[in-house]
Structure formats: structure tokens, C-alpha cells
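Let's take a walk through this structure together, one topic at a time. Keep the 3D view open and look up each residue as we get to it.

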Amino acid sequence: MYLFISLLLASTVLRSHQLVIEDCGDTYRRPEYTDISVECGTTSISLSILLCPVIYTGYNESLLILNKVVGDPQCQGTMDESVSPPVIRFDFPLNKTNACSSAFKTTSATGTGIFSDFSNIQTVNISGMVRSQDTTTGTVTYNAELKYYFSCSYPLEYLINNTRMDVTLSMELFSDVNYTTPLSIPQQGLELRTTVFVQVKATNLTEQYHVLLDRCYASTSPSPTNGTFFNFFIGCSKDTLTTMLENGESQNGRFSFPAFRFIEQQNQTVSTYYLHCITRLCERSTCSSFKQCNRRKRDVSSDVDKGVTDPTTVSSSKRIITKTENLLASNEEDLSKDRSSSYTGLGIAVGVLAAAVVVGLCVALVVYKRAKRS
């Protein structure tokens, strides 16, 4: 029964391909390099491969594998007979974490064409291959191996601009080291030395890139370039109370610091400041090299050629508020109140005692007068 069903399916496929061959015309021939066409869209890459040369070589749409990805329906080819000659289509998105295992590479070059006014244009090249899978069993095969290469180049903005690829960088504040509880700031402000956990996160970014924090700091102004500032870290130079938790190792950059106040705000009810991080995206294979402290300055100019993007500044939407009360002054004020209360109590006690003495003298005088008359 199983053999009968298999033969029936094979017969159906052969008849289907026979019908396709009738529409092939002069494309039923040996494969050529021009048999593939590539459409580099803003959200996906589309491939079209002539079906007839594939059938001529002994394969079909199910035997063409994209980037060695097997079993993922989103990465499989489908036959399209609505066009003449018929084709095999592959269509995969760019905003997924794997893009069907396509390779990503960042390069830099002088701008040309519409970008000719730019001295340095960063480009992401996305490439891959569709390859035939020979299912012939035995010692030899008569089927030639098919390889179709493709590549698309995009300005880097296509990967980091949220109007293009929905990729965003955001900063969030938490109160725990597991980054599960958002930081709640009371109206009167945080207690000094309260630990603040900071996370810079990339959303909808291909897994090819990680988040790299170059510099994070606090400023008294919501603008990253204005106001008094305090550096948590710049490269390898770090404040002693700042703890680096994750940097260049994933699509999250994380660190923590104890809440402080700016001295220039000591006469204010609370101290208010804002957090900023100068952030880049680095290719996974090269991120570690950008965290080395012994890198020479001349290497920085060629960073982009080694797989890292230009920096961008990410700021927290939530401001930090800390209490600025002087505890010593508060204690002295409490002591003053205690002294005042003590003085008041002593005054009342003296007054009561004096009244008692007067009353006693009056009673003694009355008694004395009565005794004298007697």
C-alpha cells in the first residue's frame, strides 16, 4: 500500500513537471548564471529561479535548499506557474533574527550616486546561496550540482532606523539585578545609594549584531550635550561605584550604579538628573575587540571596516530624582525641638512649685493669726 501511494505521488509529480516542461520553451536547457533574479526589498529579499533548467538537471523546487536551512517553511521555495516561463520563488524577511541564515557584513566606503555628498557611507551586505540537494542513492550520480548565489546591499540605516526595519534602541531602568522590576521613583525621590539598574536594549535587530556601550553618563539637563555631567564609564575608564554587567555580549547593554545627587543642587528639595549612553552596534564576531583596553588610537578610525557602526546617543525617558536632605541638620533640628520641650516642661514645673510655696505661706499665716488671737 505504501509503495502504491509513493508511486502515485511520483507519477503525479512527473505529470506536473511534464506540464511545466511544455511551457518551458527554450528555457528547458542547462542552467546558467542568469537563471536567478534578486529583488532587494526594504523588508524582505525575494529570489526567482527559472524552474525549467532545474527540472532539466534532475531536480525540483523541493530539492533547492536556501542557506542549508531545512524544515523551515519560511525558507523553502515554491513553484509559481502563473508566469511564463515558470519559476521557483524564495521570499524571506530581513527583520527576523536569522533571515534564513543569510550572512551579514558591514563595510564602509565613500558615497556614490545619491550618496555622493557623504564621505563615509556604511553598508550592510546580506548574502547567501541556494543549493541543490541530490537524493540519488548509490555510488555515482549523473545530476550536476546547482548553486545560485545572491547578495543585497543596504545603507546601515535600513537596519537601525525604526522607520525602515522597526529596529529601535531604548533605555530602561530597573530595581533588581534580574531586570524584571521597573524602577519606581517616589515623588520625594530615591534614597541616596539606592542601586539603579540600567539597560540599553535593541528591538527587532538581526542576531548578527550586539549592543556596545561606549560611554554612559548622567547630566543635569535632559539634553545629552548640556548641563553638568558625571561619567559612569568611558571605554575602559569606569567610576569605582559603577558595575558593568553586560556589554557587547548580546542585544542588551547593562550596568548599575548607586543613586547620588549633584552638589550644585544641594539647596534644592531634590536632585534631578538624566541618563544617556553613547551606543554602537557591533558584529558578534568582532565585539570583543572593541572592549580591549590596549587598543591603539589609530585603530578607531577603521572601526567601521571591522564591523561596528557609528555611535548614536540613547537617553532614558525617566528622570532620576534623589533626596537631598541634610541628615545632620535634621538631627540638630530634632535636638532643638527636644531642648525647647525640656525648657517648657521645666518652666511649668518651676511655676507649679512656686504656686505651691505661696499657697503654703498663706495657709501658715492664717494659722498663725488664729493662734495669736487665742
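A disulfide here is a pair of cysteine sulfur atoms within 2.5 Å. With that rule, the structure holds five disulfides.

## Before we dig in

This is a predicted model, so to speak of local features we need a pLDDT of at least 70, side-chain atom pairs count only at pLDDT 80 or more, and totals for chains, interfaces and linings use all residues. Residues are numbered from 1 along each chain as its sequence is written, and side-chain values use heavy atoms, with hydrogens and water left out.

## A disulfide across the chain

Let's start with Cys-40 and Cys-152, which are joined by a disulfide with an S to S distance of 1.9 Å. The torsion about their S-S bond is about -85°, so this disulfide is left-handed. The pair links distant parts of the chain: Cys-40 belongs to strand 1 (residues 36-40) and Cys-152 to strand 8 (residues 147-155), 112 residues apart. Strands, by the way, are DSSP runs of E with at least two residues, while helices are runs of H or I with at least four, and both are numbered from the N terminus.

How covered are the two ends? Buried means under 20% relative accessible area, exposed means over 50%, and partly exposed is in between (1.4 Å probe, protein chains only). Cys-40 is partly exposed, with a relative accessible area of 40%, whereas Cys-152 is buried at 1%. Which residues does Cys-40 contact, leaving aside its neighbours within four places in sequence? They are Ser-151, Cys-152 and Tyr-154, where contact means heavy atoms within 4.5 Å. Cys-40 and Ser-153 are 113 residues apart in sequence, but their C-alpha atoms are 8.0 Å apart in space.

Next up are Cys-75 and Cys-100, whose sulfur atoms sit 2.0 Å apart in a disulfide. This link is left-handed, with -95° about the S-S bond. Cys-75 lies in the loop between strand 3 (64-66) and strand 4 (78-80), and Cys-100 in the loop between strand 5 (87-93) and strand 6 (103-109), so the pair ties together parts that are 25 residues apart in sequence. Both Cys-75 and Cys-100 are buried.

Now look at Cys-282 and Cys-287, a disulfide with its sulfur atoms 1.9 Å apart. Is it left-handed or right-handed? The torsion about the S-S bond is about 100°, so this disulfide is right-handed. Cys-282 counts as buried at 0% relative accessibility, and Cys-287 is buried too, with a relative accessible area of 1%.

## Strands side by side

Strands of a sheet pair through backbone hydrogen bonds, either parallel or antiparallel. Four strands form an open sheet in the order 9-10-15-14, with antiparallel pairing. Its edge strands, strand 9 (168-174) and strand 14 (243-246), each pair on one side only. Inside this sheet, strand 10 (residues 195-203) and strand 15 (residues 252-258) pair in the antiparallel sense over seven bridges. Thr-195 stands opposite Pro-258 in strand 15.

Strand 11 (residues 209-219) is mostly covered, with eleven of its eleven residues buried. It pairs with strand 16 (residues 270-283) in the antiparallel sense over ten bridges. Ala-218 stands opposite Phe-230 in strand 12.

## Rings and charges

Rings of Phe, Tyr and Trp (its six-membered ring) pair if their centres lie within 6.5 Å; planes under 30 degrees apart count as stacked, over 60 as edge-to-face and the rest as tilted. By this rule the count comes to 16 aromatic pairs. In one of them, the rings of Phe-230 and Phe-232 have centres 5.8 Å apart and planes at 90°, so the pair is edge-to-face. Phe-230 is partly exposed at 29% relative accessible area, while Phe-232 is buried at 1%. Ring pairs link a cluster of residues that includes Phe-230, Phe-232, Phe-233 and Tyr-273.

Some charges sit over rings as well, meaning that NZ of Lys or CZ of Arg is within 6 Å of the ring centre and within 35 degrees of the ring normal. The charged end of Arg-215 sits over the ring of Phe-229, 5.1 Å from its centre. Arg-254 lies over the face of Tyr-179, at 4.3 Å from the ring centre.

Terms used
Two strands pair if DSSP finds at least two bridges between them.
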